[in-house]
Amino acid sequence: MAGKPFCQNGQDTEQAAQSGLGARAMAYGRLPLPADLNWLWVVGAVLCAVLALMVLTGLSLTLAYTPDATLAFGSVEGIERRLPAGWLLRAMHMTGASFFMLALYIHLLRGLYYRSYQPPRMGVWLSGCVLLVMAMVTAFAGYVLPWGQMSYWGADVAGKAVGALPLIGGWLEGVFLGGDTPGTPTLHRMFALHFGLAFLIMAMVVGHITAVHARGSSSPSGRPITQTGALPFHPYFTVRDMLATVLVALGFVAVLCFWPDIIVESANYRPANPLHTPADIEPEWYFLPFYGMMQAVPFKLGGLLLSGGAVAVLFAVPWLDRAAGSLRPVPTMVKAGALFLLVVSAVATACAGLHHMQGGWLLVARLGMVGYYAYFVLYLPLCSRWQQGKTA
């Protein structure tokens with residue numbers, strides 16, 4: 001009898017916790033969103049689904065991976081050949097990385113086109129930019145872990161690029177590589193970075209979504225939700241998100257099963273050889289624009305600053321375009337044309353990076369770099385002044 005009140009209190013506490021979770025879930029489902037949201041707003045849900053897949057497959061792969069320069073490549077081969085469904089786990093993880101970065105870039109372009117960085121959503125934009133940097137660092141660390149030819153020489157190129165920084169470059173290169181050349185210390189650092197950042201990204205995603213809910217979602221029209229009309233998140237948008245996730249899953253399976261060469265670098269299926277430099281050292285496709293910018297400048301420090309600045313400039317976008325609530329909207333053709341030129345410039349720079357500046361590719365890379373930066377340092381400020389009714 002003495003234990004009965006205690007048990008009853010425990011049941012009450014559990015019921016209260018369950019009711020609290022249920023209340024929060026219901027509040028999440030009733031979240032009002034602008035009625036004019038289009039299909040570009042489903043990319044966030046796709047990113048969450050792919051991130052969950054990446055974490056689950058990554059945790060499974062860590063059970064058999066060995067971060068040692070003499071054992072890493074063999075452990076990856078063992079995963080693919082001896083671990084039950086290991087080949088599938090690794091293929092899903094590799095394909096997921098490309099799909100995640102592609103969806104992240106689309107999400108970023110949607111924010112630029114619809115000006116989702118304007119107040120009161122500056123915090124949402126900045127947290128998204130932090131997520132982009134974290135995802136890029138995590139992806140690069142994961143690229144090094146298989147310790148194939150491209151993994152080794154990619155780490156070597158990155159270490160030398162970091163070493164080009166004045167004053168602290170040599171120290172940073174030593175911290176990055178753990179020595180004079182890539183080796184076991186480098187793998188330990190990349191493994192810890194890849195593993196730890198994955199969970200930090202999950203926490204950051206929760207913070208990003210919380211910021212969206214606190215500030216409200218942007219909309220294609222840019223008008224307040226009171227003018228566009230509101231619909232609850234469930235079922236109007238959850239159904240759309242689930243359908244988009246299923247469609248992306250079909251594309252994911254198609255690439256995984258029928259076109260793996262799109263995302264697989266054959267040279268990385270050869271073990272790392274410090275004595276043999278590959279004829280073509282190239283990163284994954286989602287790093288190619290920045291790799292092209294790095295190569296387009298004849299000295300290492302300038303290339304490093306310009307390639308890093310291509311990401312850093314995203315953090316300055318809310319201050320480059322300050323025409324919040326302007327009564328003079330930018331014509332759709334102008335916005336679409338500017339964004340199209342931005343994408344073309346990035347693709348051109350990526351293609352030049354793929355061809356290592358041979359022949360006319362050096363000119364293509366420099367023109368692409370100029371077009372990329374022109375969007376941020378010329379188009380956004382000038383467009384902002386025009387919207388505010390100012391003359392240059």
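Tutor: Let's take the chain, its cores and its cavities in turn.
This is a predicted model, where local features need pLDDT of at least 70, side-chain atom pairs count only at pLDDT 80 or more, and totals for chains, interfaces and linings use all residues. Residues are numbered from 1 along each chain as its sequence is written, and side-chain values use heavy atoms, with hydrogens and water left out.

Student: What makes up the secondary structure of the chain?
Tutor: You'll find 16 helices and two strands. Helices (H or I, at least four residues) and strands (E, at least two) are DSSP runs, numbered from the N terminus.

Student: How do you know which residues are buried?
Tutor: Buried means under 20% relative accessible area, exposed over 50%, and partly exposed in between, with a 1.4 Å probe and protein chains only. Of the 392 residues in the chain, 42% are buried.

Student: Why is the largest nonpolar core called a core?
Tutor: The name goes to a set of buried Ala, Val, Leu, Ile, Met, Phe, Trp, Tyr and Cys residues joined through side-chain atoms within 4.5 Å. The largest such set here has 63 residues, and Phe-100, Met-101, Leu-112, Met-136, Tyr-372, Tyr-375 and Phe-376 are those with the most contacts inside it. Among the elements giving it two or more residues are helix 4 (86-113), helix 5 (122-144) and helix 16 (361-387). Apart from this core lies another, of 22 residues, including Leu-89 and Trp-153.

Student: What is Phe-376 in contact with, leaving aside its neighbours within four places in sequence?
Tutor: Contact means heavy atoms within 4.5 Å. By that rule the partners of Phe-376 are Leu-112, Val-313, Leu-314, Val-317, Leu-320, Leu-342 and Pro-381.

Student: What makes a space a cavity?
Tutor: On a 1 Å grid over the protein atoms alone, a cavity is a set of points where a 1.4 Å probe fits but cannot get out; lining residues have an atom within 4 Å of a point. There are two cavities of 30 Å³ or more.

Student: Which element gives the most to the lining of the second largest cavity?
Tutor: Helix 16 does, with five residues. That cavity has a volume of about 80 Å³, and its lining includes Leu-112 and Tyr-375.

Technical notes. On a 1 Å grid over the protein atoms alone, a cavity is a set of points where a 1.4 Å probe fits but cannot get out, and a pocket is an open set with protein on both sides within 12 Å along at least five of seven lines; lining residues have an atom within 4 Å of a point. Grid points are joined across faces, edges and corners, and a volume is the space filled by probe spheres set on the points.
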